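Colleague: I am new to this structure. Please walk me through a few of its features.

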Amino acid sequence: MKWLRYIVPLVALVVTMTGITPDAEAGAVSQQFAKNDFLKLPEWSVTTSGYGGKLLLSDSPETVTADGIMYQDTVKGDARLFFHHVNGTDKPKKIVVLLENTGTEPVHITVSQHGLGGPGLDYLAVGKAAQMAYLKGGDLYLVEVSPQGTAELAVGLSSIIVEPNALVNGIYDFSADQPVKVKTIMLPVNEDIEKFAAQAKVLPADQYKLRGTFDNKDRLLVPVNVYNAKDDGMVAVTLADNKIDRYARGVDATDGSQVLNYGNYGVVYKLFIPSSALDNKLSCYLNPRGGEYAGGLGVKYRYQEQPVLATPSDRLSFGVHGSTDAAFIGAFDGGQSLWLTFSPPGASNLPVKLVIAPDFAAAIHGS
């Protein structure tokens, strides 16, 4: 079967963790996957709750053909900015995120988590780099914006030249103790940023209108039932398909229009996987459904954060063969605390399925 060659890298990862021979593991995996195309897997029922502060999404115009403001809004408190823009001109540019304080008191910004990818011409690689850096966390820093003053949110980005056709993707979690205006801007290399921002016009959105401000930047997913490998077999949780998992609805602050976050870019999902201790091990996989995909995944197991997992880990991207293409996340003991952190990567296609299954390597040994 042609799809078996896409399972081989997945098998190699299982072998590394378990010591199972490739032939034995491949046989067990192929038998199970042959029975259940990922698209046909039963959906594991989960309860979804939105929480957290505002999500500012700046992805339209995605390809920026003129200098100006791609998106802007004023926020206070807990927020996340996800920006994703290509220099669509024939000249080098700068793409920056400027904070403006129009009040009479200083604004104190705490950037708690962030990731930056690019600039680069391989858009999947840029999106994957931004997400991997974001999920790794760390590097908390502070920004103060003086009254009637400005400061940069993405520190150092203004010193980077963005060549024609290059993409920049950033994800920044921050908290502001006073209202602050956030602007994503493209401008000429030699322009003064503050002076340019003061007179720059808001650029029209492209046909996809993928920009806006959305409530509840995070989603918590808790299954209705505990996973039982013997009884449940292989199940899936579908994310960002706008049927089972709805797209976020918000408002474009530049014109007041209602907008839809196609793909839920910038939304961070926390999925809890409760499992029965009587069923030994379970396995988890990521299956992209919308096309080519390159990202990362956070894993917290037995209350310990694990190294961020690239999806896929053996190459840049996957997902062309959506019914069977999968990345192995890991094999885990049943009855242990297990959390997965997912967010749609920039430049990748959605939706995806998180697949939970009996651990085939354990089944080979009868353990």
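Colleague: Which backbone oxygen does the side chain of Asn-287 reach?

Modeller: First, the ground rules. This is a predicted model: local features need pLDDT of at least 70, side-chain atom pairs count only at pLDDT 80 or more, and totals for chains, interfaces and linings use all residues. Residues are numbered from 1 along each chain as its sequence is written, and side-chain values use heavy atoms, with hydrogens and water left out. Now your case. The side chain of Asn-287 reaches the backbone oxygen of Asp-325 at 2.7 Å.

Colleague: Is Asn-287 buried or exposed?

Modeller: Buried means under 20% relative accessible area, exposed over 50%, partly exposed in between (1.4 Å probe, protein chains only). Asn-287 has 0%, so it counts as buried.

Colleague: How do I read phi and the peptide bonds?

Modeller: Most residues other than glycine have a negative phi, and most peptide bonds are trans. Here, Gln-148 has a positive phi of about 60 degrees. For Asn-165, phi is positive too, about 75 degrees.

Colleague: What relative accessible area does Gln-148 have?

Modeller: Gln-148 has 56%, so it is exposed. Asn-165 is partly exposed, at 45%.

Conventions:
Polar contact = N/O pair within 3.5 Å; in protein donor to acceptor, adjacent residues only side chain to side chain.
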